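The stops below follow a few charged side chains.

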Amino acid sequence: MFLDNRQVAMDSVLEALADSIDYFQDNIERLRPSLRDALKPHYTERLKQMRKLQELARAHLKMLPRDADVERDDFLWLWSRLKSFVGSDSQVLINELLEQERVLMQALSTLFTHPLPDPIEPVVDECMRGCRKLIRELYNLQKRNTRR
């Protein structure tokens with residue numbers, strides 16, 4: 001089954017959301033407890049938004065769920081671990097999480113260039129606001145983490 005441009009854009013958003021959540025969950029134990037506590041509510045909310053968006057994409061865009069890219073996840077985890085040898089583990093993770101947010105923002109921006117069904121647009125708006133909020137939180141944590 002081929003996807004149209006709008007479906008491809010939605011697929012990119014769903015993939016970026018899933019990658020972001022997976023990366024956080026895979027690395028949660030590497031974060032200091034204070035960082036983990038600050039970030040966990042963002043990712044809990046993101047998981048709810050992703051599930052809602054998946055349901056809406058299935059209903060309104062006729063999209064089927066996809067499997068995660070396991071090899072990519074493994075590569076990102078290994079690459080992050082290698083970078084931790086030359087820098088602070090928490091700082092490396094914050095930078096990686098920021099990169100995940102950049103990818104998500106780009107995917108969301110692309111999705112907004114297509115007409116969206118009315119029920120989907122507010123959820124995408126909510127994802128965008130959540131992404132901006134998490135980026136601000138990550139930059140604040142990065143500043144605090146650098147001072148230590």
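Start by selecting E101: at 0% relative accessibility this residue counts as buried (under 20% relative accessible area; exposed is over 50%, partly exposed in between; 1.4 Å probe, protein chains only). The model is predicted, with local features needing pLDDT of at least 70 and side-chain atom pairs pLDDT 80 or more, while totals for chains, interfaces and linings use all residues. Residues are numbered from 1 along each chain as its sequence is written, and side-chain values use heavy atoms, leaving out hydrogens and water.

R46 forms a salt bridge with E101, with 2.6 Å between the closest N and O atoms (a side-chain nitrogen of Lys or Arg within 4 Å of a carboxyl oxygen of Asp or Glu). This pair links distant parts of the chain, 55 residues apart: R46 sits in helix α2 and E101 in helix α4 (residues 89-111). Helices here are DSSP runs of H or I, at least four residues, numbered from the N terminus. R46 is buried too, at 3% relative accessibility.

Now display what surrounds R46. Apart from neighbours within four places in sequence, its contacts include L17, S20, I21, L104 and L134 (heavy atoms within 4.5 Å).

How many salt bridges does a search of the whole structure find? The search finds 2. For the other pair, select R102 and E99, whose closest N and O atoms are 3.3 Å apart. R102 and E99 are 3 residues apart in helix α4, so about one helical turn separates them. R102 counts as partly exposed at 40% relative accessibility, and E99 is partly exposed at 39%.

Definitions and conventions:
Helices (H or I, at least four residues) and strands (E, at least two) are DSSP runs, numbered from the N terminus.
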